[in-house]
Amino acid sequence: MDSLHSLTRQSESVAHEGQIGLRRGTVRIVPYRPQWAECYREERELLLKILGEEALDIRHIGSTSIVGMPAKPILDILVGVKALATVEAFAGDLNRIGYEDKADGGEPGRRYFVKGAEEQRTHHLNFCELHGLFWTKHILFRDYLETHADAAKQYRELKQALAARFPNDRNAYTNGKQEFVHSILKLAMSEST
């Protein structure tokens with residue numbers, strides 16, 4: 001448990017150095033930071049110590065995972081499990097390292113946790129069935145933007161415009177991206193078949 005405590009402190013120090021973190025409900029897009037990849041690797045190591053073999057796969061998703069993409073400075077992490085019911089076994093351990101359980105967060109097919117105080121939210125942790133619909137949509141979207149520069153540019157411009165328009169309304173910002181996200185998913189799915 002000492003190594004877990006040490007890793008937790010290390011993860012928190014990165015957030016306090018300003019690499020990640022954003023007040024809940026606000027929208028602020030910052031330029032891509034290469035340090036986000038290291039923050040993810042450190043958090044992945046911490047999660048693996050807790051989840052062990054229950055984590056069938058762990059991926060960095062969202063805009064912070066795409067090199068060059070401006071993003072809200074919050075790490076989005078996707079964990080594939082055999083069944084969502086397995087998450088109950090380690091929910092307490094996740095709480096001990098700073099994660100708050102948000103049930104499904106309004107999205108069926110996932111179990112959702114957040115890390116960081118409301119003034120400095122640092123991580124969004126999503127559990128879902130490995131290769132299920134929630135998993136597939138997030139991986140396809142990220143991968144498409146990584147391999148299609150024109151789509152990534154459109155997404156970057158859309159995010160920046162929405163953030164300028166809705167700096168204190170995260171729901172409006174998210175809703176403003178939905179049509180674009182759906183169109184990219186449709187293209188990504190057609191390419192993957």
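The questions and answers below go through this predicted model.

User: Happy to start with strand β4 (residues 111-115): how many of the five residues are buried?

Analyst: Good place to begin. Arg111, Phe113 and Lys115 point one way from β4, while Tyr112 and Val114 point the other way. In a regular strand the side chains alternate between the two faces of the sheet. Both sets are buried, so the strand is largely enclosed by the rest of the structure, and the count of buried residues is five of the five.

User: Which residue of β5 is the bridge partner of phenylalanine 113?

Analyst: Let us take the neighbours of β4 in turn. Strand β3 (residues 99-101) pairs with β4 in the antiparallel sense over three bridges, and there aspartate 101 stands opposite phenylalanine 113. Strand β5 (residues 123-129) also pairs with β4 in the antiparallel sense, over five bridges. In β5, the partner of phenylalanine 113 is leucine 125.

User: Which strand holds lysine 115, the salt-bridge partner of glutamate 43?

Analyst: Side chains of opposite charge can pair when their charged atoms come close. For glutamate 43 and lysine 115, the closest N and O atoms are 2.9 Å apart, and both residues are buried. Glutamate 43 lies in helix α2, so this pair ties together parts that are 72 residues apart in sequence, and the strand with lysine 115 is β4.

User: How many salt bridges does the structure hold?

Analyst: Here are some others to look for on your screen. Glutamate 100 pairs with lysine 102, their closest N and O atoms being 3.1 Å apart; glutamate 100 is partly exposed at 36%, and lysine 102 is partly exposed at 28%. Glu88, Asp101 and Arg111 are linked in a network of salt bridges. For the whole structure, the number is nine.

User: How are helix α4 and helix α5 oriented, roughly perpendicular or roughly parallel?

Analyst: The axes of α4 (residues 133-147) and α5 (residues 149-165) come within 5 Å and cross at roughly 110°. Angles of 65 to 115 degrees count as roughly perpendicular. That is why α4 is, relative to α5, roughly perpendicular.

User: In the contact of α4 with α5, how many residues are nonpolar?

Analyst: From α4, the contact uses Phe141, Tyr144, Leu145 and Thr147, and from α5 it uses Ala149, Ala151, Ala152 and Tyr155. By class, one residue is polar and no residue is charged. The nonpolar count is seven.

Definitions and conventions. Residues are numbered from 1 along each chain as its sequence is written. This is a predicted model: local features need pLDDT of at least 70, side-chain atom pairs count only at pLDDT 80 or more; totals for chains, interfaces and linings use all residues. Side-chain values use heavy atoms; hydrogens and water are left out. Buried means under 20% relative accessible area, exposed over 50%, partly exposed in between (1.4 Å probe, protein chains only). Helices (H or I, at least four residues) and strands (E, at least two) are DSSP runs, numbered from the N terminus. Two strands pair if DSSP finds at least two bridges between them. Axes are lines fitted to C-alpha atoms, for helices over the stretch in contact, and angles run from 0 to 180 degrees between N-to-C directions. Angles under 35 degrees count as roughly parallel, over 145 as roughly antiparallel, 65 to 115 as roughly perpendicular and the rest as oblique. Contact means heavy atoms within 4.5 Å. Ala, Val, Leu, Ile, Met, Phe, Trp, Tyr, Cys and Pro count as nonpolar, Asp, Glu, Lys and Arg as charged, and the others, Gly among them, as polar. A salt bridge is a side-chain nitrogen of Lys or Arg within 4 Å of a carboxyl oxygen of Asp or Glu.
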